[in-house]
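My notes follow in the order in which I looked things up.

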Amino acid sequence: MVGAAARELCARLGYEFQNGQLLQEALTHKSCPFDDEGNPLPSNERLEFLGDAVLGLVTSELLMERFPDLDEGGLSKIRASLVNEAGLNRMARSIGLGEFLVLGKGEDLTGGRDKPSLLSDALEAVFAAIYLDSCHTEGVNAIGRVIRQLLEPNLPQSADAFVSRDFKSELQERTQQLLNKPATYVLLEETGPDHQKEFVMSVCLDDLELGRGTGPSKKLAGQAAARQALELLKNYPDSFPANKS
């Protein structure tokens, strides 16, 4: 790809290529093995492989900066939601990447420029091309800027939707650590009509109640009880006021 089309895509990416062949390769689908003169064209598959790793690195760094209190599991969930095929497809469409793809006639006629799989693969290949084009002069700074710019509109304002702590499992680990025995859950109350039930659960160690919780299901009520119990156990980092047996 040369001339006005290349300049337009570079403007949308916010990056000017030094080696135009890298950009050409990144945009070339395997359905187009030869150019108009019959010369072989390398497809973007190898660049896609590298681009996946580059995207993962930059995204991970960005999320660690944006959500400093989030653990590995939460960070992984957000990253997966951003860099899966749907996320890449959104980013590719935001810069109109489909119009710049180099496709074989058959692929072009069957709507290849609009296929999420082709767009996501090509975008990863473009990321790799930018990285290779700039790594000797800017390191990851250039590709970092490009990816961050495309990711920014899709970043969640809050990480709450991606964090689902399993309080019951955490409590199980804590009680095993303190007393070498599991906590038990007891249904204390069930009220309301079938379509609007409310459950009250307690969590105990032997005869000692550690917490109590309510919820629209036994599972959620148990999680609420376990969460309260964990708050209680924060006061006992090395011992516990029950008899150890």
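I took buried to mean under 20% relative accessible area, exposed over 50%, and partly exposed in between, with a 1.4 Å probe and protein chains only. By that cut-off, buried residues make up 41% of the 245 residues in the protein chain.

I noted the basis next. The model is predicted, so local features need pLDDT of at least 70 and side-chain atom pairs count only at pLDDT 80 or more, while totals for chains, interfaces and linings use all residues. Residues are numbered from 1 along each chain as its sequence is written, and side-chain values use heavy atoms, with hydrogens and water left out.

**Whole chain**

I looked up the secondary structure, where helices (H or I, at least four residues) and strands (E, at least two) are DSSP runs numbered from the N terminus. The protein chain has 10 helices and three strands. From the N terminus on, I read the order as α-α-α-α-α-α-α-α-α-β-β-β-α. The radius of gyration is 27 Å, well over the 18 Å that the globule rule gives for 245 residues, so the chain is more spread out than a compact globule. That radius is taken over C-alpha atoms, and the rule is 2.2 Å times the number of residues to the power 0.38. Along the principal axes, the C-alpha atoms fill a box of roughly 85 × 45 × 25 Å.

I then checked contacts, meaning heavy atoms within 4.5 Å. Among those between residues at least 6 apart in sequence, 53% join residues at least 24 apart.

**Strands**

I counted two strands as paired if DSSP finds at least two bridges between them. S1 (residues 184–191) pairs with S2 in the antiparallel sense over seven bridges. S2 also pairs with S3 (residues 208–215), again antiparallel and over seven bridges. I followed Val203 across the strands: in S2, Val203 is the bridge partner of Tyr185, and Val203 stands opposite Gly211 in S3.

Why is strand S2 largely enclosed by the rest of the structure? Seven of the eight residues of S2 (residues 198–205) are buried, so the strand is largely enclosed.

**Turns**

The hairpin of S1 and S2 has six residues between the strands, and Gly192 there takes a positive phi near 95 degrees. The hairpin of S2 and S3 has two residues between its strands. I found Asp206 in the loop between S2 and S3. Asp206 has a positive phi of about 55 degrees although it is not a glycine. Is Asp206 buried or exposed? Asp206 is exposed, with a relative accessible area of 52%.
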